[in-house]
Amino acid sequence: MNPYILALLFFGLTLGTGVAATSSHWLLAWMGLEINTLAIIPLMAQQHHPRAIEATTKYFLTQATAAATLLFASITNAWLTGQWDIQLMTHPIPTTMIILALALKLGLAPLHTWLPEVLQGLNLTTGLILSTWQKLAPFMLLLQIPCHNQELLILLGLTSTLVGGWGGLNQTQLRKILAYSSIAHLGWMIIIIQFAPSLTLLALVTYLLMTSSAFLTLKFNDTTNINSLAMAWTKSPLIVASAPLLLLSLGGLPPMTGFLPKWLILQELTKQQLPLTATIAALTALLSLYFYLRLSYAMTLTISPNNLAGSAPWRFPSQHLSLPLSLCITGTILLLPLAPAITALLTL
């Protein structure tokens with residue numbers, strides 16, 4: 001793609017996310033979401049492959065449906081209450097419609113079915129953008145909406161953690177596994193968003209860090225399915241050695257960074273007199289942990305039966321940028337000791 005066009009599209013992504021995240025008026029927020037969607041569509045379709053075109057079409061139709069629902073709900077709210085302000089939502093019907101529209105944009109269960117199929121049709125770079133940057137604007141809008149329907153958010157969160165864990169069990173394509181991982185992590189954020197928005201932001205930041213590490217690792221090794229993970233040790237032994245720690249951090253095991261948000265979320269749910277919700281969320285995390293362990297086994301404890309002729313690939317200089325990957329992996333694994341400082345910053 002022409003670098004000028006690429007720069008223009010990334011500018012559109014940044015502009016759309018910035019407008020949506022900083023708006024207090026529903027019409028401006030809708031415009032920001034639309035700019036964001038229109039900017040990523042050419043990035044998704046740039047491969048000119050049937051799967052990429054199919055994924056782009058599915059994504060466009062889904063986002064158009066969510067945007068139309070959002071606009072209809074905001075107009076309904078203005079008709080019923082005379083308010084366009086995001087933070088002054090008082091009527092339960094348009095508030096519920098807007099929450100469901102944003103859930104569709106994010107890919108929360110049971111409105112998640114488009115996300116694995118779309119992510120499977122994209123390359124790893126565009127998939128990284130879709131799994132990280134595209135989540136920011138809807139979450140900023142969800143954080144601004146005053147909650148009048150706690151049961152709906154808890155139901156969406158628990159359903160997402162359950163579906164995200166269950167759906168990834170029988171997958172062999174790594175992009176679909178990361179899509180279900182995304183659904184599960186988004187469920188944890190939605191569960192706590194009404195009680196402690198600062199914890200939602202912490203979970204979102206750690207999710208962005210861990211997901212970026214996972215996508216960059218797969219891109220560095222050029223692997224898209226579980227069988228090809230067995231060859232990863234010939235390309236980058238050091239990354240393969242750190243990959244199990246990265247995957248266990250995604251699963252939320254201590255002492256890795258991924259344990260921090262889940263620990264604090266479970267603690268806050270217990271304080272809010274919701275022990276059953278906390279118990280179900282913790283149990284659904286075990287489902288996700290299973291397929292993370294499955295990936296760790298395939299990458300580190302499985303050797304490909306093929307004999308490689310000639311020099312080992314890891315002897316040649318890599319063409320990928322390794323600095324972002326190393327920074328993301330370090331943050332994904334080693335931030336838990338900073339938990340007291342991070343929680344102190346959240347209380348400011």
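Biologist: How far apart do the end C-alpha atoms of residues 1–20 lie?
Modeller: An unreviewed UniProt entry annotates residues 1–20 as "signal peptide"; its positions follow the numbering used here, its feature names are shortened, and such annotations may be inferred rather than shown by experiment. The span is 90% helix and 0% strand, where helices (H or I, at least four residues) and strands (E, at least two) are DSSP runs numbered from the N terminus. From one end C-alpha atom of this span to the other is 27 Å.

Biologist: What pLDDT must side-chain atom pairs have to count?
Modeller: Residues are numbered from 1 along each chain as its sequence is written, and side-chain values use heavy atoms, with hydrogens and water left out. This is a predicted model, in which totals for chains, interfaces and linings use all residues and local features need pLDDT of at least 70, while side-chain atom pairs count only at pLDDT 80 or more.

Biologist: How many helices and how many strands does the protein have?
Modeller: The annotated spans are a place to start. The UniProt entry, which is unreviewed, marks "transmembrane region" at residues 59–80, 92–115, 152–169, 230–253, 274–293 and 323–346. Among them, residues 323–346 are 83% helix and 0% strand, and residues 92–115 are 71% helix and 0% strand. For the whole protein the secondary structure comes to 16 helices and zero strands.

Biologist: What radius of gyration does the protein have, and why does it count as compact?
Modeller: The radius is taken over C-alpha atoms, and the globule rule is 2.2 Å times the number of residues to the power 0.38. For 348 residues the rule gives 20 Å, and the protein comes close to that, so it is as compact as a globular protein of that length. The radius of gyration is 20 Å.

Biologist: What share of the residues in the protein is buried?
Modeller: Buried means under 20% relative accessible area, exposed means over 50%, and partly exposed lies in between (1.4 Å probe, protein chains only). By that cut-off, the buried share of the 348 residues is 52%.

Biologist: Is Ser 74 buried or exposed?
Modeller: Ser 74 sits in helix α3, residues 50–81. Beyond its neighbours within four places in sequence, Ser 74 contacts (heavy atoms within 4.5 Å) Trp 26, Trp 84 and Ile 98. With a relative accessible area of 1%, Ser 74 is buried.

Biologist: What relative accessible area does Leu 119 have?
Modeller: Leu 119 lies in helix α5, residues 114–120. Setting aside neighbours within four places, Leu 119 is in contact with Gly 127, Leu 130, Ser 131, Arg 175, Leu 178, Ala 179 and Phe 215. Leu 119 is classed as buried, because its relative accessible area is 1%.

Biologist: What is omega for the cis peptide bond from Ala 109 to Pro 110?
Modeller: Pro 110 is in the loop between α4 (92–106) and α5. A cis bond also runs from Pro 254 to Pro 255, with omega near 5°, and Pro 255 is in the loop between α12 and α13 (259–271). For the bond from Ala 109 to Pro 110, omega is near 5°.

Biologist: What is phi of Gln 273?
Modeller: Gln 273 occupies the loop between α13 and α14 (275–300). At 64% relative accessibility, Gln 273 counts as exposed. Gln 273 is a residue other than glycine, yet its phi is positive, near 60°.

Biologist: Is Asp 222 buried or exposed?
Modeller: Asp 222 lies in the loop between α10 (197–221) and α11 (232–235). Although not a glycine, Asp 222 has a positive phi of about 55°. Its relative accessible area is 60%, so Asp 222 is exposed.
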